[in-house]
Amino acid sequence: MSEIEPPLLVDVHPALVSFLDAALIAEGEPALARSLAGLRLHGWSRCSPACVHLRTAPEVRAESTWIHFDGDAAPGVWLQLDRDRESFAGMEICGFDLGADPGRPSGRPTGRDLGRPTGSGDGGT
């Protein structure tokens with residue numbers, strides 16, 4: 001029996017992927033920007049109901065290196081690199097309004113009006 005693949009992140013959150021694509025290109029990271037097209041939404045962290053970390057790869061792929069996009073002019077999104085540093089294993093959505101996400105557990109923040117992640121900051125589990 002074949003396993004069903006998680007949905008593409010771009011299909012669930014196209015505005016987020018568009019923002020990240022532009023931000024990564026502006027930062028001189030076109031290869032990482034290209035990797036966004038293949039990211040899959042593997043679900044939300046289970047560390048706490050208020051955690052804003054979403055997984056874009058199996059948990060074992062996560063690296064401890066992050067790229068931060070936050071400040072006055074940009075919504076807070078922190079990208080967690082994967083082990084190969086060629087894509088992302090997850091991201092903290094600190095200030096980007098994700099809008100509707102049928103996969104987000106009820107009560108989970110939407111990313112709107114959050115100044116910093118409420119989880120541990122290490123990407124959760």
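**Strand pairing and aromatic contacts**

Mentor: Arg-55 has Gly-90 in β5 as its bridge partner. This is a predicted model, in which local features need pLDDT of at least 70, side-chain atom pairs count only at pLDDT 80 or more, and totals for chains, interfaces and linings use all residues. Residues are numbered from 1 along each chain as its sequence is written, and side-chain values use heavy atoms, with hydrogens and water left out.

Trainee: What makes β2 and β5 a pair of strands?

Mentor: Strands (E, at least two residues) and helices (H or I, at least four) are DSSP runs, numbered from the N terminus. Two strands pair if DSSP finds at least two bridges between them. Strand β2 (residues 53-55) is joined to β5 by 3 bridges, and the two run antiparallel. Strand β4 (residues 77-82) also runs antiparallel to β5, with 5 bridges.

Trainee: Why is the pair of Phe-19 and Phe-69 called edge-to-face?

Mentor: Rings of Phe, Tyr and Trp (its six-membered ring) pair if their centres lie within 6.5 Å; planes under 30 degrees apart count as stacked, over 60 as edge-to-face and the rest as tilted. By this rule there are 2 aromatic pairs. For Phe-19 and Phe-69 the centres are 6.5 Å apart and the planes stand at 80°, so this pair is edge-to-face.

Trainee: What makes the pair of Phe-19 and Phe-96 tilted?

Mentor: Their centres are 5.5 Å apart and their planes are at 35°, so the pair is tilted.

Trainee: How do you know whether Phe-96 is buried or exposed?

Mentor: Buried means under 20% relative accessible area, exposed over 50%, and partly exposed in between (1.4 Å probe, protein chains only). Phe-96 has 12%, and therefore counts as buried.
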